[in-house]
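Good morning, and thank you for making time for this presentation.

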Amino acid sequence: MKFLSLVGNSFGCSASGERLVSAARDGDIQEAKALLEYNPRLARYSTFGVRNSPLHYSAAHGHHEIVYLLLESGVDINLRNYRGQTALMQACQHGHWEVVQTLIICKANIHKADYLNGGTALHLASLNGHTRCIRLILADYIPSIPNFWNALQTGDHKSIPEFDQSGLCEVINRTSDGGITAMHMAALNGHVETVQLLLDLGASVSEVTVEDGTTIDLIGSGSTPLHYAACGGNAQCCQLLIAKGADMNAENANGWTPLMVARSWNRNWLEDILKAPPADPLQVLPSPYISLPLMSIVNIARECGWKTNELAPTCLDPCAVCLERKCMVAVEGCDHEFCTQCALYLCSTNSTSTSTSGPPGSIACPLCRHGIVTFVKLPDARPLQKEMQRTSNLSLTFCTCSSDVLGDSSDITTPFCKQSTSRGSKSSSPSKTFRSKSCQAIPSFKINPSLCLGAEVSPSLVPTSRNVRSHLGRCSSSNFRRSSSQTERRKSWFCSLNQSVAMGSGC
């Protein structure tokens, strides 16, 4: 039994679960919606062996709409597979920035590490050079203020109270197995844009690898990112690291300098770069992938939502980018208004343009080329309402009658539309969800508590309306027959009530 309980997730709903996995992998949004409406618990299904969930498959293949659909169904956003990888890790590994954006807005944990090598989502994004994913991962650490980049370069962090420099350095310089950082991975694979972004955000150039006894390191332990850049053979990566203060004479555990590493790997074109420091210091421009307004728009999206199909009213101007949705945010400075989804797209895809009038890291406004540093909410933007938590059995509770609550346990008044306060005793009412979906006025009637516990229907069901009472009396002989199943008795009672309402005798 213990073994069956462990693998029951794969055996129990394998047919529907595998259909949802196929829909998530292939991007079939209609199939995924139909399956989740049929059984929302399928979102927690995982394949046998590798333990990949539909969220993992949709994130790995870049289907951000299905990712959002699964998150709405209540799946754990930090669900792991057999390697300990989350959906955020797989999206960063394959460079699907739209999926990363969705997961970051839904507050995915960026600190989770792989079970096998200790790598995080930042390591995987840096390994493959997905710079857009990196700036989305670090969105909560880069404040939307004009002088951020200058303060970061000069070391004047005290002037920015909302900037957590220690937290940012801890995330960027976090090591995986063997002491390898994200900078090591980006430098080894020659991703210049990733190296430049990490350096501008404070990545260390002096972190060295360690001998852990498990990783085969052909370069040798004690290697700096410059050693790895020399092994990779990218000249621009070597120049950027040297310009940021990397030690060209540092030796690793094998006694190799970066120049010796380049020679051993036949990177002959790096001889002049690694022999001696340049006579003139290299002038490096700020990374075009610093996105200052990203934090402000992400916070607005978390508070007010961004996946909305609400069209702009005919009397108001729609978003200037999509021409469909209602404007929710405005640019601080030029006051141009956009919808939240288009503002997120601008901050996630666009790079800093030299033609903007804003500071480094600002995004060019598509209407006036003004440098966008931060977004502000419009007065019409309303916070999202908290959704009702799903019950354990994913079903609505029609009645919560309890003899402990009421003084008179013989009968209780249960109004569907409005609470009646004519009696001195308290009255119980159905759940709020049931009342909110009841748009017709149905008169109050009395229910015996034994009805809620599945007992036989008794004449204590007395409608207050004469028409309803007479109609139910005529139908009692046919519809209120005794049944061996409690479910059938309840169903017949609700059918009779619906018939009376449909014929207009109740209201």
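Let me begin with residue classes: Ala, Val, Leu, Ile, Met, Phe, Trp, Tyr, Cys and Pro count as nonpolar, Asp, Glu, Lys and Arg as charged, and the others, Gly among them, as polar. This is a predicted model, in which local features need pLDDT of at least 70 and side-chain atom pairs count only at pLDDT 80 or more, while totals for chains, interfaces and linings use all residues. Residues are numbered from 1 along each chain as its sequence is written, and side-chain values use heavy atoms, with hydrogens and water left out.

A pocket here is an open set of points on a 1 Å grid over the protein atoms alone, where a 1.4 Å probe fits, with protein on both sides within 12 Å along at least five of seven lines; lining residues have an atom within 4 Å of a point. The second largest pocket has a volume of about 550 Å³, taken as the space filled by probe spheres set on the points, which are joined across faces, edges and corners. Its lining comprises 10 nonpolar, 6 polar and 6 charged residues. Nearest the centre of this pocket lie His64, Glu65, Trp306, Lys307 and Gln341. Where does the second largest pocket lie? Domain 1 (9–140) and domain 3 (292–377) both contribute to its lining, so the pocket lies between them; the bounds come from an automatic or database domain assignment.

Buried means under 20% relative accessible area, exposed over 50%, and partly exposed in between (1.4 Å probe, protein chains only). After H13 comes Gly202, with a positive phi near 105°.

Finally, salt bridges, defined as a side-chain nitrogen of Lys or Arg within 4 Å of a carboxyl oxygen of Asp or Glu. The count by this rule is 7. Glu31 lies in helix H3 and Arg19 in helix H2 (14–26), so the pair ties together parts 12 residues apart in sequence. Asp114 and Arg83 form another salt bridge, at 3.1 Å from N to O. Asp114 is buried at 7% relative accessible area, whereas Arg83 is partly exposed at 24%.

Conventions:
Helices (H or I, at least four residues) and strands (E, at least two) are DSSP runs, numbered from the N terminus.
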